[in-house]
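This report goes through selected salt bridges, strand pairings and chain contacts. The sequence and structure come first.

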Amino acid sequence: MRKWAYILLFTLLAGTQLKGQDIVQQALMHLQNNELESAKELVDKAIQLDLYNQKATTWFYYGYVYKELYKANDVGNINSTNLETASNAYLKALEMDNNHPEKNNNILGINYLAIQYYNIAGTILNQATFNVNIDTNIINKAITNYARYKELKKISEPNFDNTERDISFYYQLGSAYHLKYDSSKFADKKSGKYAELYFGKVLELDNNNVSALYNVGIIYYNEAVDIINTLDYDEDLEKLNKSLDYSIELFLKALPYMKKAYELEPKRKETIVGLSYIYLSLNDNEKSEQFRKELKMLEENE
Amino acid sequence: MAYFLNWKNLVKRIIYIISFLTLVSATPPQGPGYDTNAKIKSVFIYNFTKYIEWPKNYRQGNFIVGVLGESSLYKELENMAKTKKVANQDIELVKFNDSKAISNCHILIIPPDRSDELNNAIKQVKKNSTLIITEKEGLTKEGAAINFIVQTNKQKFELSKTNVEKYNLKVNSSLESLAIVVN
């Protein structure tokens with residue numbers, strides 16, 4: 001009697017396992033026929049079964065199906081949940097077994113998804129560069145997507161040098177905030193500070209980045225100008241004195257950035273204009289005039 | 001394992017990648033173009049009207065601010081005249097093209113490039129209660145009441161109490177404490 005009970009139990013267990021394997025295999029067959037929804041239903045079911053969700057390859061296939069769903073429906077969608085599910089599954093597969101049979105494809109998949117996150121960050125920043133009213137939460141989404149890109153890229157290509165991409169990303173981020181700051185007529189101080197922060201990060205990576213140097217200079221310059229511009233004619237002389245001190249501090253902060261941008265690219269007109277106005281604001285009329293003349297000469301020779 | 005190639009998606013992705021890379025040269029930030037010194041001097045000038053007392057007969061009608069020739073201050077003073085009053089007097093801005101044309105005014109501003117006309121200007125206003133403001137080093141010694149100067153990048157002003165009082169004007173001591181007092 002006991003013997004028959006064991007045989008029955010074994011058959012049931014084996015049947016369950018076979019059924020589970022079938023689910024994944026069936027999902028792959030659906031996938032090969034480009035029947036993504038059916039494949040999704042099957043891997044969703046498989047991932048719920050304890051017997052299979054303990055296997056790295058199940059997570060890999062699960063991620064694979066979601067990656068294909070993303071490719072089919074969501075490329076360019078900054079709110080894609082398929083992308084998130086796929087990347088989490090791929091990571092889990094590697095975490096469970098770093099040498100599972102589909103490891104190479106797993107790594108390739110992670111690399112593909114990394115590029116998607118990178119592109120999403122780019123798309124958001126593209127929008128931010130042309131839409132001054134873009135919500136900062138959306139800009140933050142670019143930051144999280146870029147962080148995710150770096151996390152995945154580190155796994156798929158550990159030796160990849162991200163410096164150029166980091167520079168480009170921080171520069172775009174700085175530009176997006178700079179645009180918001182400018183369009184608020186310098187009232188949105190928070191955006192101004194963020195712009196300064198991200199251009200600063202560009203300079204940490206490339207201290208000869210002329211555009212970032214110019215932008216940091218302009219941010220300080222504009223902040224100083226705004227202090228003066230918003231002074232009321234009625235302003236008390238004591239307060240005026242303090243405002244003047246602070247604005248001079250900012251003009252002096254702007255100067256080395258603008259000077260370095262000029263040294264690196266002496267024929268860039270906007271930098272020459274910038275220097276002319278910074279010196280004018282610092283009451284150094286001689287130097288201001290010198291740059292004004294230089295600009296005139298440059299324009300005459302064009 | 002088969003990877004499916006979908007051309008439509010591939011093109012979409014290529015456009016997508018390009019979009020990020022082309023961003024680098026974008027962003028024309030708002031550049032400079034504002035004369036901060038004109039605004040600062042205008043704020044100072046409006047403050048002078050609060051700390052200097054004109055005789056009673058000057059406290060009616062318009063408060064006249066005269067400018068000799070062209071001045072970078074003019075635009076700012078126009079803004080000031082539009083938005084402010086001196087006590088209950090409207091501010092009227094008058095431009096004198098020639099020092100001989102200077103008539104009675106509460107304040108007379110002599111820009112740096114017209115500094116050599118200071119003596120003529122003094123002759124024109126000597127019987128009036130006019131506060132003469134100049135913008136060049138050393139002009140308080142030549143008769144200016146207030147002279148804008150620059151010290152370590154900062155806009156400051158010299159005050160000659162003697163030259164102010166010559167024109168029957170009174171200086172509030174608070175102004176003295178903020179000025180570089182010269183005599």
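Asp226(A) has a relative accessibility of 9% and therefore counts as buried, the cut-off being under 20%. The model is a predicted one.

**Salt bridges within the chains**

Asp226(A) is joined to Lys189(A) by a salt bridge, with 2.8 Å between the closest N and O atoms. Lys189(A) belongs to helix H9 (residues 189–205) of chain A and Asp226(A) to helix H10 (residues 210–229) of chain A, so this pair ties together parts that lie 37 residues apart in sequence.

In chain B, the side chains of Lys95(B) and Glu70(B) meet in a salt bridge, 3.2 Å from N to O. Lys95(B) sits in strand S4 of chain B and Glu70(B) in the loop between S2 and H3 of chain B, so the pair ties together parts 25 residues apart in sequence. Lys95(B) is partly exposed, with a relative accessibility of 32%, while Glu70(B) is exposed at 56%.

A further salt bridge links Lys85(B) and Asp90(B), whose closest N and O atoms are 3.4 Å apart. Lys85(B) is partly exposed at 42% relative accessibility, and Asp90(B) is partly exposed at 39%. Over all chains, the count comes to 22 salt bridges.

| Lys189(A) | Asp226(A) | 2.8 Å |

**Strands of chain B**

Lys85(B) also stands opposite Asp90(B) of S4(B) in the strand pairing. Strand S3 (residues 85–86) of chain B runs antiparallel to S4(B), and two bridges join them. S3(B) and S4(B) form a hairpin with two residues between them, and Ala87(B) in the turn has a positive phi of about 50 degrees.

Strand S4 (residues 89–96) of chain B also pairs with strand S2 (residues 63–68) of chain B, in the parallel sense and over six bridges. In this part of chain B, Val65(B) stands opposite Leu93(B) in S4(B).

**Contact between chain A and chain B**

How many residues of chain B are in contact with chain A? The contact involves 45 residues of chain B and 65 residues of chain A. The two chains bury about 5100 Å² between them, with 60% of that area on carbon and sulfur atoms.

Four salt bridges are counted between chain B and chain A. On the side of chain B that touches chain A, at least two residues each come from helix H1 (7–21), helix H2 (36–51), helix H3 (74–83), strand S8 (154–160) and helix H6 (173–178). H2(B) supplies the largest share, 11 residues. By type, this side of chain B divides into 23 nonpolar, 14 polar and eight charged residues.

A network of salt bridges links Asp232(A), Asp234(A), Lys50(B) and Lys84(B).

**Two further residues of chain A**

Asn145(A) is in helix H7 (residues 136–156) of chain A and is buried at 8% relative accessibility. Beyond its neighbours within four places in sequence, Asn145(A) is in contact with Tyr117(A), Ile120(A), Ala121(A) and Ile124(A).

Glu265(A) lies in the loop between helix H11 (237–264) and helix H12 (269–281) of chain A, and is partly exposed at 36% relative accessible area.

Technical notes. Residues are numbered from 1 along each chain as its sequence is written. Chains are lettered from A and ligands numbered from 1 in the order in which they are written. This is a predicted model: local features need pLDDT of at least 70, side-chain atom pairs count only at pLDDT 80 or more; totals for chains, interfaces and linings use all residues. Side-chain values use heavy atoms; hydrogens and water are left out. Two strands pair if DSSP finds at least two bridges between them. Helices (H or I, at least four residues) and strands (E, at least two) are DSSP runs, numbered from the N terminus. Contact means heavy atoms within 4.5 Å. Buried area is the accessible area (1.4 Å probe) that two parts lose on being put together, summed over both. Ala, Val, Leu, Ile, Met, Phe, Trp, Tyr, Cys and Pro count as nonpolar, Asp, Glu, Lys and Arg as charged, and the others, Gly among them, as polar. Buried means under 20% relative accessible area, exposed over 50%, partly exposed in between (1.4 Å probe, protein chains only).
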